[in-house]
Amino acid sequence: MRTPAKAIIRLLCVSALIVAAAATLNFAVDPLQLFRPARFTPAMYSSDTRMQDAGLIRSQPFDTVFMGTSLAIHFRQRDIDRVLGVHSLKLSMTGSNSHEQSFVVAAALATGARRVIWEVDDWIFCNAPDIGSDVYLPADLYRGNARGIASYLLSGAMARESALILMRSVFPGKPILARPTREALFKFPLSRVDDINSLPPDADVPGSYNAAKARAAFADITDPVRRAYLAEGYNTDAMVGNFERDMVDLIAKHPDVQFDIYLPPYSILQWVAMRDASPATLQIVYDFTAYLARRLAELPNVRLSDFRAVQEVTHDLNNYGDVIHHSPTVDLKVLSWLAAGDYVVDRSTPTASLEKLKAQVETYRVAENP
Amino acid sequence: MLFNSYLFIFLFLPAALAGYFLCGRLGNRAAVIWLALASLVFYSASNWQFVPLLVTSVAFNYLIGWLLIASKLQGRQRFAVLTIGVAGDLLVLGIFKYAGFLAVNLDAIFSAGLKVDILLPVGISFYTFTQIAFLVDAYRGHVAGYALPPYALFVTYFPHLIAGPILHHRDMIPQFEQPAAKRPNPHLILCGLMIFAIGLFKKTCLADGIQPLVSLAFGSGTPTFDQAWIGALAYTFQLYFDFSGYSDMAIGISLMFGIFLPLNFNSPYKARNIIDFWRRWHMTLSQFLRDYLYIPLGGNRRGAVLRYVNLMITMALGGLWHGAAWTFVIWGVLHGLYLCINHAWIRFAPPVAPWFAGAANLLAMMVTFLAVVVAWVFFRANNISSAFHILSRMADPSHTAFGRAEMVQGAFVACYAALAWFAPNTQAIMGYDHKTRTVGEGLGAWPMRPLFLYASAAVLAFGILGIQQYSEFIYFRF
């Protein structure tokens with residue numbers, strides 16, 4: 001280059017060329033299967049569900065949506081299908097709030113699904129910012145608008161995944177390529193939809209879910225230094241507002257869709273932690289879930305199940321990895337209860353199960369239950 | 001509007017540049033007005049509700065400055081005008097930035113049920129400080145009369161408006177008034193583009209890349225010894241690459257307009273002591289605090305003890321400038337303490353033997369870096385008890401995970417450390433010299449060599465490909 005002006009043009013052209021090459025690679029491989037189901041390369045999936053769900057909704061056949069937080073993340077679709085007799089798509093997102101869940105469910109319902117199975121935690125309604133200002137959910141990818149497509153095609157991280165998927169398809173079975181894709185470095189290591197966030201068959205379930213871990217978590221969250229987290233974001237008015245906007249409005253807009261909503265079986269320690277370390281928060285949760293139960297009882301296309309007071313599960317701490325997350329064994333129990341209609345909330349007495357839970361929480365003594 | 005957004009890179013910046021050079025054909029003043037208006041558009045893209053506040057602040061300070069410079073006020077009258085100006089600036093800053101903090105503390109003491117919730121205007125700390133410096137210099141008689149358009153541009157100039165560098169009127173306004181800067185200079189545009197590319201890469205690829213590891217220490221879980229260190233170090237490097245990336249982008253953008261901005265970073269983690277660190281980290285803030293706080297307090301002119309007191313006051317207020325929270329005050333006090341120890345060491349410690357100099361320098365660099373990391377824990381933590389909790393985990397090797405994930409994460413952090421410690425910084429690569437207003441000169445013809453050009457193109461492309469949906473700069477909140 002002889003002059004700076006020509007150098008500027010050359011610099012911009014080379015940059016544009018590199019960006020265009022990355023975009024072309026992303027379009028051709030299409031790791032999320034946003035434009036078409038995988039054909040030229042093997043389909044690969046990510047456990048980053050906020051991103052992956054946008055592609056799943058477009059590429060997978062389903063009639064039932066399964067939504068929730070990390071409490072509903074380990075379910076296997078084949079178990080859901082077998083027990084409930086549906087063709088499901090699991091869209092659960094770890095740490096998701098009500099607005100994210102509602103947004104993704106709405107996107108899935110737009111494809112024609114007729115049933116939603118929805119695991120609901122009280123805290124998802126605490127802090128649910130608008131989707132536009134949500135840092136974590138790529139809303140434009142779901143909308144499929146120009147900004148979403150541009151951010152997908154012009155993503156260097158996605159180009160890296162595309163290149164890796166392409167290399168795996170060109171050199172199948174090469175351990176040097178397969179190994180890093182199974183490890184933490186790459187985002188699309190899974191070859192089956194059913195494996196997304198499911199526990200692997202060789203997972204150490206007793207090692208991951210046992211009373212010692214549950215008690216350690218209890219000690220941690222009730223530690224005076226950290227107990228403030230228990231109360232973070234809890235405000236009845238805000239929670240009711242988010243619930244009305246994100247759940248009631250969505251249900252009302254889809255009268256032809258059956259919503260099976262359930263309150264999951266946390267360990268009793270979750271409630272006792274709030275009772276001992278943050279009683280005001282416990283009262284807010286009681287008040288809010290009473291409102292939720294009464295409100296959902298008014299909606300004809302909702303069936304609410306409350307598993308929070310199922311003592312044989314919630315009091316057996318060996319079912320838990322911490323104070324809330326239950327084992328795959330309990331996953332299957334939840335499905336069987338949903339199939340059998342156990343613990344369905346009676347529309348005439350919507351808070352009966354809550355009163356039962358309150359009594360359990362009041363009488364439980366940690367020291368007496370080693 | 002973010003520098004690391006498609007809207008800025010592909011629309012705003014080209015339009016602002018084209019308009020600037022077109023207006024430059026009409027005259028110097030037209031280009032200055034165009035750039036000031038473009039800066040307001042830039043600011044209003046995400047802070048439209050605070051544009052009137054910014055405009056009012058500019059008008060108020062210009063008026064006060066005019067009274068100090070052009071009117072024939074004497075002695076006490078001049079001081080009264082200066083007092084009104086500075087107090088007005090500090091009052092606005094206090095209301096928007098510190099009223100909530102004050103209310104929380106009063107409420108904690110008196111249980112008065114006070115609660116103040118005011119949205120913080122982005123960049124208010126930066127444009128308030130630049131204008132206070134202007135008023136103080138006007139009072140001291142160091143300022144010639146400025147016309148309103150270049151003054152307004154000096155305050156609102158979009159490359160620095162939101163997160164610095166903190167500009168000085170004596171440095172900037174003469175540059176705005178130079179007609180030569182209104183004609184496109186391909187050499188400056190090319191160098192500016194390269195510096196912008198490096199900054200964008202630092203932000204989108206390096207700072208955003210390491211950001212997920214920060215939650216290992218600062219998330220809601222209880223970290224182990226190694227996780228706490230990985231998280232704290234990750235934040236240490238994230239903050240550096242984020243803020244120095246922003247400063248590089250600001251310098252690069254400004255260079256395209258023919259304006260040289262002052263340097264804000266000079267490889268701070270290579271510092272061998274805390275005094276050296278503050279000559280390398282957020283350099284324009286350090287200079288401001290020195291010239292307009294530390295020296296007016298007396299500096300080192302009234303003995304050793306008062307020097308230490310002045311250092312502590314300066315750094316505590318410097319901490320409070322970063323944010324209305326006790327964690328920032330503690331961060332500032334900690335650095336004040338470090339500086340006092342450093343000055344005392346220089347005064348009382350014996351000189352290092354020449355044969356030990358190499359090892360001593362390495363040791364000094366490590367101790368300085370560790371001291372900085374410890375202070376960053378307070379800077380980042382949600383509250384003081386969380387900071388102590390994280391530090392207690394960093395001091396407790398009996399709880400260590402060190403699994404496969406921690407090993408990978410540790411290696412990741414080590415790569416960042418190698419970059420921060422061993423890689424040349426942007427100004428060294430580009431030969432940027434703010435004082436002599438030169439860039440790329442010392443390198444001879446080699447910026448034009450194809451390999452360097454292609455490497456720059458790749459850095460720009462990777463920077464663009466690294467743009468995420470939403471990734472704000474950390475210093476925006478200060």
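1. Ground rules. This is a predicted model, with local features needing pLDDT of at least 70, side-chain atom pairs counting only at pLDDT 80 or more, and totals for chains, interfaces and linings using all residues. Residues are numbered from 1 along each chain as its sequence is written, chains are lettered from A and ligands numbered from 1 in the order in which they are written, and side-chain values use heavy atoms, leaving out hydrogens and water.

2. The second largest pocket. Its volume is about 730 Å³, taken as the space filled by probe spheres set on grid points joined across faces, edges and corners. A pocket here is an open set of points on a 1 Å grid over the protein atoms alone, where a 1.4 Å probe fits, with protein on both sides within 12 Å along at least five of seven lines; lining residues have an atom within 4 Å of a point. There are 21 of them, and B:Arg272, B:Asn273, B:Asn342, B:Trp345 and B:Ala364 lie nearest the centre.

3. Who builds that lining? Helix 15 (357-380) of chain B gives the largest share, eight residues, and helix 14 (326-348) of chain B supplies at least two. Helices are DSSP runs (H or I, at least four residues), numbered from the N terminus. By type, the lining has 16 nonpolar, four polar and one charged residue.

4. B:Val377. This residue of helix 15 of chain B is buried, at 1% relative accessible area (buried is under 20%, exposed over 50%, partly exposed in between, with a 1.4 Å probe and protein chains only). Leaving out residues up to four places away in sequence, B:Val377 touches B:Phe218, B:Ala232, B:Ala387, B:Ile390, B:Leu391 and B:Met394 (heavy atoms within 4.5 Å). B:Ala387 is ten residues away in sequence, with the C-alphas 5.9 Å apart.

5. Helix 17 of chain B. Its buried residues are B:Glu406, B:Gln409, B:Val413, B:Tyr416, B:Ala417 and B:Ala420.

6. Most residues other than glycine have a negative phi. A:Asp30 has about 55 degrees and is buried at 2%. B:His282 sits near 40 degrees, in the loop between helix 11 (274-280) and helix 12 (283-294) of chain B, and is buried at 0%.

Methods
Ala, Val, Leu, Ile, Met, Phe, Trp, Tyr, Cys and Pro count as nonpolar, Asp, Glu, Lys and Arg as charged, and the others, Gly among them, as polar.
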